[in-house]
Amino acid sequence: MTNADVVAVAKAGRTAEPEPVLSASGLVKSFPLRRNLLGRVTERLHAVDGVDLAVAPGRTLGVVGESGSGKSTVGRIVARLVRPDAGRVVVAGRDLTEVRGEELRRARADLQMIFQNPWSALDPTKTIGHAVAEPLLVHGRIGRADMAAAAAELLERVALDPGLVDRYPSMLSGGQRQRVCIARALAVGPRVLIADEPTSALDLSTRSEILNLLLRLQDDGGQAVVLISHDVTTIKHLAHRVAVMYLGRIVEDGPVDEVMGDPRHPYTRVLLSAVPQPDPEAAARRERIVVAGEPPSPVDLPSGCRFRTRCPIAVAECAAVDPALTAVTGQHRVACLREGSGSLG
Amino acid sequence: MTTLSPAPVPVDRPVAASALPNRSPMRTAARAFFRSPAALSALAFLALLLFLAVAAPLVVPYDPAAQNLANRFSGPSAEHWLGTDEFGRDVLSRMMTAAQIALVAPLIAVGTAAVIGVPTALLAGLRRGAIDAVAGRLADAVMSLPALALAMAIIAILGPGLVNSMIAVGIAFAPSLFRVVRGAALATSRETFMESAESIGCTTRRMVWVHLLPNVAAPMLVQVTILMGVALLAEAGLSFIGLGVQPPDSSWGSMLADAYQNQFRDPFGAVAPGAALALTVLCFNVLGDTLRDVIAAGRRA
C-alpha cells in the first residue's frame with residue numbers, strides 16, 4: 001500500500017464529523033523573560049495567545065507554522081506538560097487543566113505524546129522492553145514479571161523485532177527509536193495522540209515509514225491525532241484538518257483540502273508558495289510570494305494584526321484592528337481583515 | 001486497539017546490531033574501568049585493607065591492646081615487624097585493627113553526606129524553583145565555612161567519638177555532593193526522556209529513583225569515591241587532635257598523634273600509620289580519577 005492509498009482509505013471512511021474527543025479553548029501561555037528588582041515580570045515571551053482546537057476520534061489535526069509560531073507549546077499544553085496561563089483542555093469530557101496529583105497521573109493514560117527527538121526520548125539506562133512496557137506498569141495494568149512479554153507484543157505492533165526487548169537504546173537507529181517511542185505512547189491505549197514533529201529528526205528515507213506506521217496505527221486504534229509540523233507536505237498527506245499558526249495565534253483553519261486548495265490568509269499563501277513543486281511547469285505557473293524579513297519578536301508583538309509587518313496586502317486599518325477567526329465557507333475560517341479583497345502583489 | 005492487523009511495514013530486524021555485544025552504559029564503563037592497571041592496583045590495595053579489617057581479630061600476631069612496658073619503642077624486629085609503641089604494644093597489630101576504622105569511618109561520613117545531599121539534590125534538579133533556591137543557598141552557606149572547623153563545631157554539640165565525628169564530617173561534606181548531583185540532575189531533567197516519563201504518568205518518586213538517579217549515578221560515584229579519601233584524612237585529623245577515635249581504640253590518625261608525642265625517642269613511629277594513610281587516600285583518589293575518565297570516554301563514544 002502506498003502512502004496515497006492509505007490516506008485515501010483513511011479519509012473515505014470518515015466524511016461525517018464525529019464529536020471531538022479532544023477540545024481546547026482559549027489557550028494562553030507566556031514565559032517570563034526578565035524581572036525587575038521586586039521580582040515583577042517586565043518582559044514576557046507570548047508563545048501562545050488564544051488558541052482553540054478540537055479533534056474527533058480517528059481524525060488528524062495538522063498544526064503548521066514556522067519556528068517560534070508556538071505550535072510546539074500548544075502541543076505541550078495539550079499534553080499537560082506545560083500549564084497554560086488561561087484556557088481549558090478537555091479530553092474525553094475531563095478538564096485536564098483542573099485535575100492534579102494522582103487524578104492527573106491517571107488521566108494521562110488517555111493522552112500520550114510522541115516527541116520530536118527520538119535520540120533523547122529514551123532513557124539510556126533502561127532497556128527497550130522497559131521503555132515500551134513502562135506505561136503499562138505505572139498505570140498498574142501489568143506486573144513487573146509481565147513486562148518483557150507485553151513489550152514484545154507492543155514491538156510487533158510497530159513492526160519491530162520483539163528480540164529488541166533486552167537491548168539498550170544506544171544500539172538502535174533513529175527510525176527504530178522513534179518506533180519504540182510510538183509503541184511506548186500507544187501502550188496504554190490513549191484516545192489522543194500528540195505528535196510533535198515526529199519525523200523532523202529522522203532521515204528522509206525513514207520519515208515515510210514512520211508516517212505510514214502512524215497512519216496504520218490510527219486506522220486500527222481510532223485515536224485523535226494532533227500532528228505538529230513545519231512541513232506543509234506532511235500535513236497535506238496525513239491531516240484531515242489543518243490549523244496554520246503565526247506568532248501564537250491560529251490565522252487560518254479548516255479541512256485540509258480547502259485550506260491548501262484555496263488559502264485565504266496571506267501567511268498561508270506564503271507558506272504554501274514556499275513548498276517545492278515536483279512539476280516544473282506547475283511551479284512556473286503558480287504565484288510565488290516572498291515576504292520581507294523575519295517574523296517580529298514574540299516578546300514585542302505588533303499592534304493589530306500580527307502579520308501586518310510582513311504582509312504584502314496590509315492597509316492602515318490592519319495596525320488598529322486585531323482580526324478574529326471568521327468563517328469563509330462552512331468549516332474554513334480565516335483571521336484577516338482583507339479577506340476577499342483580491343490576490344497578493 | 002485490541003485486534004492487530006497484519007503489519008504492512010516489513011519488520012525491522014537489526015542484523016548488524018545483533019552482531020554487536022549488548023551492554024548497558026554502566027557495564028561498558030565497568031569494563032573500561034577493569035582494564036586500567038592503576039585502578040586495579042588501587043582496588044587490590046583496598047581489597048587487602050578490607051581483608052585485614054574483617055580478619056584482623058584472627059590474623060593479628062599480638063593482642064593490639066596488650067602492653068609490655070619492658071619492651072617500649074623496640075623498633076622493627078623479627079618478633080615485632082613494625083616495632084612497639086610507648087606502652088610496648090605491637091604496632092603491626094594495632095595498624096591492622098585500625099584498618100577497620102580506616103574503612104568504616106569514611107563510609108559513615110560519606111553515607112551521612114549522601115543521605116542529606118542526594119535526595120535534596122535530585123529533587124532540586126528535577127523541580128528547580130523554591131526547593132532548589134533554598135537548598136542551593138544553604139549549601140553555599142555551609143561551603144563558605146572551612147569543612148574541618150565546621151566539623152569541630154558540630155562535634156562540640158554531638159560530643160567526641162568516631163561515629164559522632166564522622167557524622168559531623170558528613171554534614172560538612174553534604175554540600176559538595178549536593179552540588180555535583182544537583183548539576184547532573186538538572187542536566188538530565190532537561191532531557192526529553194524525563195518529559196516522556198512525566199507524560200506517561202510516572203509519579204515524582206518513580207521519576208527520581210527510576211529515571212533520574214541511574215542517569216546521575218556516574219558523576220555521583222566519582223564524587224563519593226573522592227570524598228571517601230578526604231573523609232579518611234578528616235578522620236585522621238580529628239583523631240590526631242583527640243576528637244575522633246577515643247583510647248584504647250586506635251586509628252591511624254591517633255597513632256600518628258602518639259608518634260608525634262614521642263618523635264624524639266622513636267622517629268620511626270610515624271612512618272607506618274603515615275604511609276598507610278597516604279596510600280589509602282591515594283587509592284581512593286586513583287579510583288575516583290579512573291572512574292571519571294572511563295565515564296567521560298563512555299560519553300564521547
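**Reading helices and cavities in a predicted model**

Me: Which residues of chain B does the UniProt annotation "transmembrane region" cover?

Reply: An annotation comes from a record, and it may be inferred rather than shown by experiment. The unreviewed UniProt entry places "transmembrane region" on residues 32-60, 101-126, 138-159, 208-234 and 268-287 of chain B. Residues 101-126 of chain B are 100% helix and 0% strand, with end C-alpha atoms 36 Å apart.

Me: At what angle do helix α7 and helix α9 of chain B pack?

Reply: Read the angle together with the distance between the axes. Helix α7 (residues 162-189) and helix α9 (residues 204-240) of chain B pack at about 155 degrees, and their axes are 9 Å apart. An angle over 145 degrees counts as roughly antiparallel, so α7(B) is roughly antiparallel to α9(B).

Me: Is the crossing of α7(B) and α9(B) left-handed or right-handed, and which classes of residue are in the contact?

Reply: The crossing in which α7(B) passes α9(B) is right-handed. The contact of α7(B) with α9(B) has 19 nonpolar, 6 polar and 1 charged residues.

Me: How many cavities of 30 Å³ or more does a search of the whole structure find?

Reply: A cavity is space where a probe fits but cannot get out. The search finds 8 cavities of 30 Å³ or more.

Me: What lines the largest cavity?

Reply: Its lining has 18 residues, and those nearest the centre are B:D85, B:V91, B:A259, B:D266 and B:G269. Helices α4 (91-127), α10 (252-261) and α11 (271-300) of chain B each supply at least two residues of this lining. The most come from α10(B), with 3 residues. By class, the lining of the largest cavity has 8 nonpolar, 5 polar and 5 charged residues.

Me: Which elements of chain A each supply at least two residues to the lining of the second largest cavity?

Reply: They are β7 (192-196), α7 (204-221) and β8 (224-229) of chain A. Here α7(A) gives the most, with 4 residues. Residues lining the second largest cavity include A:T60, A:L193, A:L214 and A:Q218. By class, this lining has 8 nonpolar, 2 polar and no charged residues.

Methods. Residues are numbered from 1 along each chain as its sequence is written. Chains are lettered from A and ligands numbered from 1 in the order in which they are written. This is a predicted model: local features need pLDDT of at least 70, side-chain atom pairs count only at pLDDT 80 or more; totals for chains, interfaces and linings use all residues. Side-chain values use heavy atoms; hydrogens and water are left out. Axes are lines fitted to C-alpha atoms, for helices over the stretch in contact, and angles run from 0 to 180 degrees between N-to-C directions. Angles under 35 degrees count as roughly parallel, over 145 as roughly antiparallel, 65 to 115 as roughly perpendicular and the rest as oblique. A crossing is left-handed if the near helix is turned anticlockwise from the far one by less than a right angle, and right-handed if clockwise. Ala, Val, Leu, Ile, Met, Phe, Trp, Tyr, Cys and Pro count as nonpolar, Asp, Glu, Lys and Arg as charged, and the others, Gly among them, as polar. On a 1 Å grid over the protein atoms alone, a cavity is a set of points where a 1.4 Å probe fits but cannot get out, and a pocket is an open set with protein on both sides within 12 Å along at least five of seven lines; lining residues have an atom within 4 Å of a point. Grid points are joined across faces, edges and corners, and a volume is the space filled by probe spheres set on the points.
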